[in-house]
Amino acid sequence: MAEFTVWAPIPDRVRVDVDGTLHDMVRSADGWWRADVACDSGARYGFVLDEDPEVLPDPRSPRQPDGVHARSQLWVPAPDAWTDTPWAGRSICGGVIYELHTGTFTPEGTFDAVIDKLDHLVELGVDFVELMPVNAFNGPHGWGYDGVLWYAVHEPYGGPDGLIRLVDACHARGLGVLVDAVFNHLGPSGNYLPRFGPYLSAGRNPWGSSINLSDADADEVRTYIIECALRWMRDFHVDGLRLDAVHALVDHTAMHLLEELAAETDALAEELGRPLSLIAESDLNDPRLITPRDRGGYGLTAQWDDDVHHAIHTAVSGERQGYYADFGSLSTLAQTLKHGYFHSGTYSSFRHRRHGRPLDTATIPATRLLAYTLTHDQVGNRAVGDRPSQLLTFGQLAVKAALALGSPYTAMLFMGEEWGSSSPFQFFSSHPESDLARATAEGRKAEFAEHGWDADEIPDPQDPATFLRSKLNWTEVTEDDHDRLHRTYRELIALRRGEPDLADPWLDHMSIDFDEEQRWIILHRGSVAVACNLGTKPVTVPVSGELLLAWENPDVGPDSTVLAGHSFAVLRRGRDQ
């Protein structure tokens, strides 16, 4: 016997189809419908609304073996599925996170294939694997941000059982797991939620209709989101979530959804006896996201910091287009690294208005912000999905790594970055509907044509070759400069763990020197100095000490060090320096 439930305040009649047989459901005053049906533990089922004969999947579907348009399936993990009882968890703060896309991380594109590469990540020294969205979306492959059944796991990756195997294997190797969760919009194909209830509001964001967080009947929608978030952490044992584009969550209630979710997550962490983390992706530069709730904030664990990315990338690469326009100087780089945000109530030429507010660096540690030189967005949302490795020297890539990993922030890498992968990461999709497929391809070309790109250069997201080009080429790892960069990443991460001064999370304890004309910058972290030459010519920097790590061979003198072009050195100064 199984109990079937669904929140559906819109239809006047709801029936549940279980393995081809219809059963009437009983409605409660709160809009919930219920029915007890004798069936197998793996029964296929769906809901029939009013007199429409179409069988719709469960909005809280535990499994979608035949895609997002098909019947759902009852599912519970096998009794012996988990072996991670010894896993005590860990906080993300101060750690190193590794973002990957399951479908392109390996040739096979499955959770089980990721397991085969976990030893690579352990040897690299990362602390967490962050999976780009793994919720159910239409088509065999895509980025995953157009999910429509948030509770189910994408079947081509391995479904819920495959995700359990991956999380269990990560925990066995001492790796935490984060899942990228998208609660700000629904995808264009397979979204049946509006037929059940008022899941959407009248507002819109760049990806479609906004989610109903504060209009009539929003309470059940908010519960739907929070229970989904907790499901990933409770039922799939993941150690936290990356929350996509939280600035697109329009909530006019007195308690913002993020604050409510953070409180519920902390309660679950206490119940489970292990840390759970929430990381916001936000375009607001608003420290309230990571300010504790007892001080008026939302109490999230951490936040992506695009200003750090922009400051590092532009200073090294010289790019200035679009939202990079306000960045590029070493002064901007130093200011951003020192204060967390560059735009903190200052004018943004890209937005044509003031942006952000200051971060209280005396009370909020730098580990509440994530520093990175690469993300799926910062590659895939470029016109042709080109990586920095396709434009920069290996020395420049090493300098970027030293600035991010040598900073006080929690660090994040994007798959393949550690060896300078030459594979692009392009925007790809596999919508089976011809009209949607054509609209996606044409929209992508039109978007970049407005910015001066030749439309013929823009990869077709629907072309399977676009997806295949985006897969990592693992044979590069051991090749020449790729191998050298890989070793440098390993050693930088090891230094973060081995040098106590590099674990200091307070920005007020770090000082920065730089020379705009000569293109060098030094991060002073206690007795450790991270000195970088962003220029092409050798420079003499005013720091010396024991050489801990370097790209190229610096000439370390008693009072200064000569750095080759596009290189860095990490030095431990004597106590009298």
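Helix axes here are lines fitted to C-alpha atoms over the stretch in contact, and the angles between their N-to-C directions run from 0 to 180 degrees. Helices (H or I, at least four residues) and strands (E, at least two) are DSSP runs, numbered from the N terminus. This is a predicted model, where local features need pLDDT of at least 70, side-chain atom pairs count only at pLDDT 80 or more, and totals for chains, interfaces and linings use all residues. Residues are numbered from 1 along each chain as its sequence is written, and side-chain values use heavy atoms, leaving out hydrogens and water.

**Helix α8 with helix α9**

- Take α8 (residues 306–317) and α9 (residues 330–339): they pack at an angle of about 155°, and their axes are 9 Å apart.
- The two are therefore roughly antiparallel, a label for angles over 145 degrees, while under 35 counts as roughly parallel, 65 to 115 as roughly perpendicular and the rest as oblique.
- Their crossing is left-handed, meaning that the near helix is turned anticlockwise from the far one by less than a right angle; clockwise would be right-handed.
- On the α8 side, Asp307, Val308, Ala311, Ile312 and Ala315 meet Leu330, Thr332, Leu333, Thr336 and Leu337 of α9 (contact means heavy atoms within 4.5 Å).
- Sorted by class, this contact has seven nonpolar, two polar and one charged residues.
- For those classes, Ala, Val, Leu, Ile, Met, Phe, Trp, Tyr, Cys and Pro count as nonpolar, Asp, Glu, Lys and Arg as charged, and the others, Gly among them, as polar.

**Helix α8 with helix α11**

- The α8 and α11 axes come within 10 Å and cross at roughly 150°.
- That is why α8 and α11 are roughly antiparallel to each other, and their crossing is right-handed.
- From α8, Ile312, His313 and Val316 touch Gln396, Val399, Lys400, Leu403 and Ala404 of α11.
- Here the class tally is five nonpolar, two polar and one charged residues.

**Helix α11 with helix α14**

- Helix α11 (residues 394–405) and helix α14 (residues 480–498) have axes that come within 10 Å and cross at roughly 15°.
- So α11 is roughly parallel to α14, and this crossing is right-handed.
- Residues in this contact include Phe394, Leu397 and Ala398 of α11, along with Asp481, His482 and Leu485 of α14.
- By class, the contact has 11 nonpolar, one polar and two charged residues.

**Salt bridges**

- The whole structure has 31 salt bridges (a side-chain nitrogen of Lys or Arg within 4 Å of a carboxyl oxygen of Asp or Glu).
- One of them pairs Arg13 with Glu51, whose closest N and O atoms are 3.3 Å apart.
- This pair links distant parts of the chain, 38 residues apart: Arg13 is in the loop between β1 (2–7) and β2 (14–18), and Glu51 is in the loop between β6 (44–49) and β7 (72–73).
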